[in-house]
Amino acid sequence: MSNNDRFSKFEQQRQYYPVLGYKTFLNTAQNGLIPTYASQSMQEYIERRHLNALDVITMSAQWDDLDIVRAKIGRMINAKSTEILFGSSMSELMNIFSNGIGLKKGDNVIIYDSTYFSTSYIWFNKREQLGIEVRIAESDEGRTPCEKLFELADENTKAILVCHVDFGSGFRHDLAQIGAFCKERGIAFAVDGTQACGAMKVDVKEMNIDFYATSTYKWLQCLLGLGFAYIDEKFLPKLSQSVIGWVGTVDKLHNDAMVLELCDEARKFECGGISFIAIEGLTRVVDNYLRLGADDIEEYILSLADHCYERAEGLKKCRVYGPVGRENRSGIVTVTFPESFGISREMLDAHQINAMMQGSSRVRLAMHYYNNTGDIDRFFDLLEELEAEGK
């Protein structure tokens, strides 16, 4: 089967995103588009609650259905349903990891200097609280080779935390290589998957990931205020219980307030109710992801990234920021251009292009499976025009 035949299903996906009919959307890394089928499902949920209220039977059924969603997410990332928990965001969930691994003065953790704010702030907070050392690998235009992380590790290294995909440059870390390094040395390995999950393929077992967390409002095309995490079942007993609530118990719907009996699954870290509205939308997106196939989704998105590289090579004054080989590419490609081009958010809006400005000489393009090469060409055609004008 040719790639054209293999990828034709992604062109069909565009019908579920009305905004694509009048705007070039290349900004999933900020907020993903919500597909029609997910939007309708969430609206139907609200309408049911509005018209019928919520009785005990329906509420109980919601929690049972949530376990079905855990299993579907498990299929996405090759995990067991019992290794999945929900929370409000990656930031909240990653604190479970940092609070639970038993850090003490003299320990160190490793991050890199272009990581997302939350993943650095979490460790800076621990440095203030406990006096641990935060070792920071130096990146080059968002690129951080594994060796830069490894050379910082020693016998006191307790954890390495990376973003699967760098939010600024789109550099995709080799999680399998980092995971193998950590496993061999008994170092805990945590991953922020927010700029990758739903786009780049994730196999938490093959990659030897101990803790993986993501928000769902970007590449998972859902609402802000929902996230999920994976905790490897062998790593789970090593995490101390830093947060607690009624839903992490053995039988959450039949509790005794005077008896604390936590379950032995990842959900023991869940504190309370979650947004079942958002769960409705996430379920539909995950179902679609499983139908489309992880391999095809990743390969299609990487083909769009390849197209960005090809178009950039045809320009004299523009280039890809932090260019990398295909093994480190993702759905994010950042392009640099001269400040004299005068590109601004207002200019992009005037051309009906939604992409993220990074200062006055860079734009981040973030492409999902609902994009096509035509979307990319509209941005690069603008660059060509400005270059031809001698800006």
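Author: The structure holds 20 aromatic pairs. This is a predicted model: local features need pLDDT of at least 70, side-chain atom pairs count only at pLDDT 80 or more, and totals for chains, interfaces and linings use all residues. Side-chain values use heavy atoms, without hydrogens or water, and residues are numbered from 1 along each chain as its sequence is written.

Reader: Why is the pair of Trp63 and Phe276 called edge-to-face?

Author: Rings of Phe, Tyr and Trp (its six-membered ring) pair if their centres lie within 6.5 Å; planes under 30 degrees apart count as stacked, over 60 as edge-to-face and the rest as tilted. Here the centres are 5.2 Å apart and the planes stand at 90°, so the pair is edge-to-face.

Reader: What makes this pair a tie between separate parts?

Author: Trp63 lies in helix H3 (residues 56–77) and Phe276 in helix H8 (residues 276–292), so the pair ties together parts that are 213 residues apart in sequence. Helices here are DSSP runs (H or I, at least four residues), as are strands (E, at least two), numbered from the N terminus. Both Trp63 and Phe276 are buried.

Reader: What makes Tyr116 and Phe167 an edge-to-face pair?

Author: Their centres are 5.2 Å apart, with 85° between the planes. Tyr116 sits in the loop between strand S3 (108–112) and helix H5 (117–130). Phe167 sits in the loop between strand S5 (157–163) and helix H7 (175–185), 51 residues apart from Tyr116.

Reader: Why is Tyr116 called partly exposed?

Author: Buried means under 20% relative accessible area, exposed over 50%, partly exposed in between (1.4 Å probe, protein chains only). Tyr116 has 29%, so the label is partly exposed. Lys104, at 48%, also counts as partly exposed.

Reader: How do you know that the charged end of Arg329 sits over the ring of Tyr309?

Author: The rule asks for NZ of Lys or CZ of Arg within 6 Å of the ring centre and within 35 degrees of the ring normal. The charged end of Arg329 is 3.5 Å from the centre of the Tyr309 ring. Arg362 lies over the face of Tyr321, at 4.1 Å from the ring centre.

Reader: How does the span of helix H11 compare with the expected one?

Author: The expected span is 1.5 Å times one less than the number of residues. H11 (residues 373–388) has 16 residues and reaches 22 Å from its first C-alpha to its last, close to the 22 Å expected. Its buried residues include Phe379, Phe380 and Leu383. H11 is followed by Gly390, whose phi is positive, near 75°.
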